[in-house]
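Please consult the sequence and the coordinates alongside the text.

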Amino acid sequence: MRPVLLPETIDGLWDIMDTYPDAMIYSGGTDLLLMMRKGIFNPPSLICLERLETLKCVSENDLEIAIGAVTTHTQLLNNNKICTHYPVLVKALKVLGSPHIRNMGTIGGNIMTASPAGDTLPALYVLGAEVELWSKKEKRKMLIDEFITGPGRTLIKPGEILGRILIPKSPLYNIHHYEKVGLRKAMACSVATFAAVLNLNENKRVDSIRMAWGSVGPCIKTIPEAESMLTSRQLTTEHLKKMADIVRKIVLPISDIRASETYRKQLAGNLVKRLIIYNYDEYKEAHGK
Amino acid sequence: MKIKFILNGEKKTIETEPDQRVIDLLREDYNLTGTKDACGSGECGACTIMVNGETRLSCLMLVAQLEGCDITTIENIEKDQFLESVQKTFVEEGAVQCGFCTPGMILTAADMIHKKKILSTQDIREGISGNLCRCTGYQNIVAAIDVAAKKSGKVSGL
């Protein structure tokens, strides 16, 4: 028999973590319990965070919105603050798993699983999200792209949990784009994902842009040089074509059951080119033209 | 470990292993075999149950998580008129072939109709996107949910 502990307070959690130092921590269970069933993990005990109400809320101050790590995807989709400020995250959440998986899975779980195919991750990268790590003694924070170091690997230390995700309210972007390519619409692990937030001015010139790709390398891929190349330029088919060629050279996808390396490289570039098709309409809507 | 919870409206206390899957508890300990065990990995929705008013997959939940919770399985159809009416609509509309996905589909459909004021075809299709039917197609299932929604006074655009 394996103990399963469900702390209801943070102090209770620290006590349990002291008593069961080798326990694995989970919340929705949509990844960990699956891995355990496959025999990949066999922890001596489990700590489930789903009853920690303090980690289930969305709060804000002037600068940022803080999301408790065990807030479910469904709760985020129903949250006005998230819908207003971060459409790119909402678009990612809508294509994550299925309604049942979204009722169970949490944003903190999606980060801690640190899969290259984690659907919320590209959105969190472009928004400049930070993770706030809690331990009995202290809280520390770092950018999500520094925190995730490889497939399933993060900089979390023993005795720490992911407490909150902090997303800055500025800069504001007038275009939030997210696209997922999978073998079917629901319940599909992605072949590739692409998130972009940008500011287009009235002349269709890019004032600022951030882009991130999922499933095309061991970690979510950002390409700062590509972002600088697009900045202050017109968002034209020609520029995006050039950008797509650069992206295809930089990404390092693998071949797996879902797609080949060659296909994913082609796709990573094509997803950038589609910025012109999808977002200009949205931009026009936003500007009432 | 002793666990207390409400199962289909009845208080239950059971001495059991905390790391057992909820689906195994329901099927083996309570003989509630309406909840189906198929993929075991959260992809098919055949094991859908309601926990505190939300759909959940009982293959990805451990028994310890049930402490103090209110659980509804498809067997609650005996007591819940609305659930029963959704089931009847499924039969009338021919939305059942082998029936294996049906308990999960009915619970998901009932939840959808409960929660949303107006259900479009798109809402219905997205709503059942976590429940797989491998017999035929989804046309009759979508139609049945639409009819059930209309019967319960919710307008839809099918």
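This is a predicted model: local features need pLDDT of at least 70, side-chain atom pairs count only at pLDDT 80 or more; totals for chains, interfaces and linings use all residues.

Q: What pattern does chain B follow when read along the sequence?
A: The secondary structure of chain B comprises five helices and five strands. Taken in sequence order, these elements give the pattern β-β-α-β-β-β-α-α-α-α.

Q: What is the radius of gyration of chain B, and does the value agree or disagree with that of a compact globule?
A: The C-alpha trace of chain B spans about 50 × 30 × 20 Å along its principal axes. For 158 residues, a compact globule would have a radius of gyration near 15 Å. The value for chain B agrees with this expectation, being 15 Å.

Q: Which three residues supply more of the area that chain B buries against chain A than any other three?
A: In the interface, 28 residues of chain B are in contact with 27 residues of chain A. The area buried between the two chains is about 2,300 Å², and carbon and sulfur atoms give 55% of it. Of the area that chain B buries against chain A, 24% is supplied by three residues, namely R56(B), L60(B) and Q65(B).

Q: Which residue of chain B forms a salt bridge with R2(A)?
A: Between chain B and chain A there are ten residue pairs in polar contact, with both residues at pLDDT 80 or more. The count of salt bridges between the chains is two. In one of the salt bridges, R2(A) has its closest N and O atoms 3.2 Å apart from those of its partner, D19(B).

Q: Which element of chain B gives the most residues to the side that touches chain A?
A: The residues on this side of chain B divide into nine nonpolar, eleven polar and eight charged. The elements that give two or more residues to it are helix 4 (121-127) and strand 4 (54-57) of chain B. With four residues, the element that gives the most is strand 4 of chain B.

Q: Which residue in strand 13 of chain A is the bridge partner of V197(A)?
A: Strand 12 (residues 192-200) and strand 13 (residues 206-214) of chain A pair in the antiparallel sense over eight bridges. Within this pairing, the bridge partner of V197(A) in strand 13 of chain A is R210(A).

Q: Which residue in the turn between strand 12 and strand 13 of chain A has a positive phi?
A: The two strands of chain A form a hairpin, with five residues between them. A positive phi of about 65° occurs in the turn at K204(A).

Conventions:
Residues are numbered from 1 along each chain as its sequence is written. Chains are lettered from A and ligands numbered from 1 in the order in which they are written. Side-chain values use heavy atoms; hydrogens and water are left out. Contact means heavy atoms within 4.5 Å. Buried area is the accessible area (1.4 Å probe) that two parts lose on being put together, summed over both. A salt bridge is a side-chain nitrogen of Lys or Arg within 4 Å of a carboxyl oxygen of Asp or Glu. A polar contact is a pair of N or O atoms within 3.5 Å; within protein, one must be able to donate a hydrogen and the other to accept it, and residues adjacent in sequence count only if both atoms are side-chain atoms. Ala, Val, Leu, Ile, Met, Phe, Trp, Tyr, Cys and Pro count as nonpolar, Asp, Glu, Lys and Arg as charged, and the others, Gly among them, as polar. Two strands pair if DSSP finds at least two bridges between them. The radius of gyration is taken over C-alpha atoms; the globule rule is 2.2 Å times the number of residues to the power 0.38.
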